[in-house]
Amino acid sequence: MSHSARDWERPGLSERKKRIARAAIEAFLADREPADTGDGSGLVVPDAAWCERNVRSFDLHIGACSTLLRFALGMLVVLLEWLPIVIVGRASRMSRLSLEERIRYLEALERHRVSWFALLFIGTKLPMLFAAFEEGAPLASTGFDRRTTQTRRRLVIAANRGQNP
Amino acid sequence: MRSLFGGLARAPAARIDSDASIVHGRELSRGFRHRADVVVVGSGASGMTLAAILAEAGLEVLVLEEGPYYRHQDIAQFTPTQSLRRLFREAGMLTAIGVGQTPLISLTVGRAVGGSSLLTGGVCYRIPSRVHHEWVREHGLTELSEARLEAAYVEVERRIAVTEVPVDMRSLSTAKFVEGAEKLGISMKPLRRNTGHECEGNGRCNFGCPIGAKRSVDIAYLPSLLAHRGRVVSDAMVDGVIERGGRVIGVRGQLLGGAFGAPSHRFEVEASAVIVACGTVHTPGVLRAAGIRSYGLGRFLTLHPCARVVGRFDDALHGWDGALQSCFADSLDDDGTLFNSVYTPVNMLAASFPGVGPELHARVRELTHYGVFGTMVHDEAGGRLVPGIGREPTLLYEMAPRDLARLKKGMGVLAEMAFAAGAREVLLPIFGMTPLRTMDDTRRFAAEPLDARRLECLSFHPLGSARMANDRRRGVVDDSGECFEAPGLFVVDGSVLPTSIGVNSQVPIMAMATRLAWRLRDRLV
Ligand SMILES: Cc1cc2nc3c(=O)[nH]c(=O)nc-3n(C[C@H](O)[C@H](O)[C@H](O)COP(=O)(O)OP(=O)(O)OC[C@H]3O[C@@H](n4cnc5c(N)ncnc54)[C@H](O)[C@@H]3O)c2cc1C
């Protein structure tokens, strides 16, 4: 039996939390037009399918954890949604902020002098982005020169192996 | 009968409903009751090693593993995130909670047939002589002298094909840090790894070698276990022991991982020897379920806290081409800091770059220019495992001020190495910190106090939660691994190490397990 048939991967997020995750992932992965001056107007919303793949991966990741960790990570997602008022003084949920405001909010969270906020940032950003640069064009954008992360290296030094100078 | 989660389930009556030598517990439609000569709980570095040796001696050995089983050819096809979800406990997000001036520590351990051995970078060290001396002189454990373990080391290193990593297998990422180290007068030596001469330098050892070059226990020991009288049941979590007449004579547990919502089934296995090899984090739970309350159970946990430093250079390094780990510097003034070369898979490196949106992308586009190196601390015993809510225990860790200072010093030295080799910026693993741009920034970092809670700290070698002692008042198991409080119950994994060792732990744990297996073989055969 192939391994995929045995896996029974299970989701870990409610629809509401998935919506929050989608909004955060969109901000994490937004980019700027090449000619943008930096005033925010040239922000490019990341491809919806790419964001969706990351939401799905985050969902399955949480689903693979124990009940307690699932609960804790779910709480972090909820906090991410409600903290703009504390971090940037905006009385709005994170998912309702404009893309530019969301980026500013997340940046402020990352650099916040209260370490718990910085931890909240990293605790959600990492699992949300684990899969972001893992396949296809995003993987290629890292400069990774193999077709997939599973592809073997092109060996150019095989002839010299096994010898130390 | 004692059990970790109470005794609600009914005792099973049937035999194992499969003739396969590796039984996928999640596919069984009913529980089982089984009798073997030896039952081993946990199939990681220690459990699999011991199980194979005893099976080779003619004993019938049953290995019970909580995690799933995948062939190494399947693992080689997993993306890194699939590996995280399928092979790592808590999908790679297990965390030790920092107490006081201590960071949260991200702790990785394996949960699959092969345990953490599947996930190693392949680095192989022996326990340093000074640690052996300490165990003999200060702990009175003469059985753990270097000389007594010599034959076991040799046997393990032969079976897992330990060889020195040739210089030309170093990645350019590593070469940059080596260049910087040389300029600072720090000499780097080649590492030894369990990859024989097969390693191609694919740079993804932690998520499964594409060619099976790394001799993890599923490759080095499992085939022999199965060729003799050994069997493995995966997805089988032990949660209690069976006692008779004051002796532990078996274990009981639950089959996991069936289709969502499907009923789970119970099993019981009786044997002449019961071996616990659940790893440092999970062995105390099984021992507690056996009623053991020995001094030190779940205490004296050490983690070898690590940090990774990332530098951006002018040259494109393609740091993923080359042996994942290839050289090391053992310590500065012998202060217990180790520097190991390492690389992080591209998608993980990209995700961990600081910044959001455009700032993140700017770094990702430059990713080929980034090099990575690691530092690790030989820590004092600051950890504790307490029963958690549900399956996983809670890990509390208080970092000794001396260890925090060493970790900070280690990061500073790595930053200096990077700048000495021409780095344009250095990213320290500190949340929200502005990247260092010059050697002066590094000196300022060294001079300023560090808020430990902002540190991104990692651990791969938890050790010592059920430590070995020569006296029942000082530890949990004796020098043959048998529990002082539970005759018939043996522990062989990383939990029995009396102290932290300051080097990567796989070979030391396997050598100890080999020695214990030889002693058991002499008793049982
Ligand atoms: C990412 C990573 C990289 C590493 N790199 C290196 C390296 O390069 N060099 C090195 O020397 N060391 C390395 N290590 C450390 C090394 O892998 C471990 O020290 C070693 O594998 C520990 O062996 P163990 O037998 O104590 O536990 P493990 O190998 O962790 O095995 C324990 C097994 O028991 C199972 N188990 C737990 N509870 C139960 C239960 N109740 N019932 C049934 N089964 C149970 C677990 O699922 C697991 O499979 C690395 C570890 C990790 C995670």
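Residues are numbered from 1 along each chain as its sequence is written, and chains are lettered from A in the order in which they are written. In this predicted model, local features need pLDDT of at least 70, side-chain atom pairs count only at pLDDT 80 or more, and totals for chains, interfaces and linings use all residues, while side-chain values use heavy atoms, with hydrogens and water left out.

Chain B contains 14 helices and 23 strands, taken as DSSP runs (helices H or I, at least four residues; strands E, at least two) that are numbered from the N terminus. Its C-alpha trace spans about 70 × 50 × 40 Å along the principal axes. Of the 525 residues in chain B, 66% are buried (under 20% relative accessible area, with exposed meaning over 50% and partly exposed in between; 1.4 Å probe, protein chains only).

At the interface, 69 residues of chain B are in contact with 65 residues of chain A, contact meaning heavy atoms within 4.5 Å. The area buried between the two chains is about 5,900 Å², and carbon and sulfur atoms give 57% of it; buried area is the accessible area (1.4 Å probe) that two parts lose on being put together, summed over both. On the chain B side, Arg85(B), Met93(B) and Val356(B) lose the most area to chain A, together 12% of what that side buries.

Six salt bridges cross this interface, each defined as a side-chain nitrogen of Lys or Arg within 4 Å of a carboxyl oxygen of Asp or Glu. One of them joins Arg111(A) to Glu359(B), with the closest N and O atoms 3.0 Å apart.

Within chain B, Arg444(B) and Asp441(B) form a salt bridge (2.7 Å, N to O). These residues are separated by about one helical turn because they lie three residues apart in helix α13 (residues 439-447). Arg444(B) is partly exposed at 48% relative accessibility, whereas Asp441(B) is buried at 16%. A salt bridge also links Asp471(B) and Arg473(B) (2.6 Å, N to O); Asp471(B) is buried at 18% relative accessibility, and Arg473(B) is exposed at 64%.
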